[in-house]
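Subject: Handover of a structure and summary of findings

Dear colleague,

Please find the structure below, together with its sequence. My findings follow it, and I would be grateful if you would read them with the structure open.

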Amino acid sequence: MRTGHINKLILSLGIVALAVLAVKLFLIERKTEPDQAPGTILKNRSQFSAIPDFQAIGDVGMKKQAFFDFLRPAIRHHNAVISDERKFLEQSRTHLANQQPLSEAEDYRILQLASKYQYSMRTATLESLDELLTRVDTIPEDLVLIQAANETGWGSSRFAREGMNFFGQWCFKKGCGLVPQSRSEGLSHEVAVFKSVEDSVGSYMRNLNSNAAYSLLRAIRADLRAQNQPVSAEKLVYGLMNYSERQEAYVEELLDMLRHNNQFLVENHEQRPAV
């Protein structure tokens, strides 16, 4: 009988031990799941990051070319998406101008785009569509490339390597990203973390196309459109005065980078298909 009790006790302890081990394994696995806080994910980001090691490229020209080539597909993708959105809005505006009623599907998509670009709209009118069209517009590829190079030191910054953040964008919820080492006392912002370069570029473009701080950029672009003039980085860059506390000096620095890196930006002028 005693032997039987001992065997049962050993069996019970074994079951408990297995249960504890299973719980521990579950918790360990949860630590690496993508729904964890960004700060937790960042600890192991270097193990699966798709960002090349630009610092390891000794030749400066090759590094610049590699950096631009890495970003171009994401920039072109998002500009093509914006172009399709803009084309749709222009068609809807033509319908209204010709006194043709909009379909329910058109109304729904217009309101979706208004929400995406943070424009308050109750109903689609010629005036409201004109205002929305100033936001739903492409960003010159060379401007995006130069800003990314400036903000990340040609892809070598901690924020680019660990957070896929190529444009220095902030977030304001604790744990949402990386805490800047030079953050002033009393401030609570963090540098946003993105899952991919595509997400980073998309967020940057929505920021320029919706944030009130860049209304001048959108106004310059709309004026150029109205005059049938090319929308160039050299002209739009003045709309980025509020992107940095350095303001005029920041704009001058971007202009200087545009001039000195023209040989690496010439590919920007080739014809590109839409989505």
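What percentage of the contacts in the protein chain with a separation of 6 or more is accounted for by residues 24 or more positions apart? The share is 60%. Please bear in mind throughout that this is a predicted model.

Overall composition

The protein chain contains twelve helices and three strands. It has 275 residues, and 39% of them count as buried. Its accessible surface amounts to about 16300 Å², with 54% of that area belonging to carbon and sulfur atoms.

Helix 6 and its two partners

Helix 6 covers residues 141-152, and helix 11 covers residues 248-260. The two pack at an angle of about 115°, and their axes are 10 Å apart. Helix 6 and helix 11 are therefore roughly perpendicular to each other, and helix 6 passes helix 11 in a right-handed crossing. On the side of helix 6, the residues in contact are Asp142, Ile146, Gln147, Ala149, Asn150 and Glu151. They meet Tyr250, Glu253, Leu254, Met257 and Leu258 of helix 11. Sorted by class, this contact of helix 6 with helix 11 has six nonpolar, two polar and three charged residues.

The other partner is helix 8, residues 197-210, whose axis comes within 12 Å of that of helix 6 and crosses it at roughly 110°. This angle makes helix 6 roughly perpendicular to helix 8. The crossing of helix 6 and helix 8 is right-handed. Leu143, Val144 and Gln147 of helix 6 make the contact with Tyr204, Met205 and Leu208 of helix 8. By class, the contact of helix 6 with helix 8 has five nonpolar residues, one polar residue and no charged residues.

Helix 3

Helix 3 spans residues 60-97. Its axis and that of helix 4, residues 104-116, come within 11 Å and cross at roughly 130°. Helix 3 is accordingly oblique to helix 4, and helix 3 passes helix 4 in a left-handed crossing. Helix 3 contributes Val81, Asp84, Glu85, Phe88, Leu89, Ser92 and His95 to the contact, while helix 4 contributes Glu106, Arg109, Ile110, Leu113 and Lys116. The residues of the contact of helix 3 with helix 4 divide into five nonpolar, two polar and five charged.

Gly61 is also found in helix 3. With a relative accessible area of 23%, Gly61 is partly exposed. The C-alpha atoms of Gly61 and Asn261 are separated by 9.3 Å, although these residues lie 200 residues apart along the chain.

Two residues with positive phi

Which residue in the loop between helix 6 and helix 7 deserves a look? It is Trp154, whose phi is near 60°, a positive value in a residue other than glycine. Trp154 is buried, because its relative accessible area of 14% is under 20%.

Met164 likewise is not a glycine and has a positive phi, of about 55°. Met164 is located in the loop between helix 7 and strand 1. Is Met164 buried or exposed? At 6% relative accessibility, Met164 counts as buried.

With kind regards

Terms used:
Residues numbered from 1 in each chain as written. Predicted model: local features only at pLDDT ≥ 70, side-chain atom pairs only at ≥ 80, totals over all residues. Heavy atoms only, no water. Helix = DSSP H or I, 4+ residues; strand = E, 2+ residues; numbered from the N terminus. Buried < 20%, exposed > 50% of the residue type's maximum accessible area, 1.4 Å probe, protein only. Contact = heavy atoms within 4.5 Å. Areas by Shrake-Rupley, 256 points an atom, 1.4 Å probe, with all protein chains shown as cover. Axes fitted to C-alpha atoms, helices over the stretch in contact; angles between N-to-C directions. Parallel < 35°, antiparallel > 145°, perpendicular 65-115°, else oblique. Left-handed = near helix turned anticlockwise from the far one by under 90°. Nonpolar A, V, L, I, M, F, W, Y, C, P; charged D, E, K, R; others polar.
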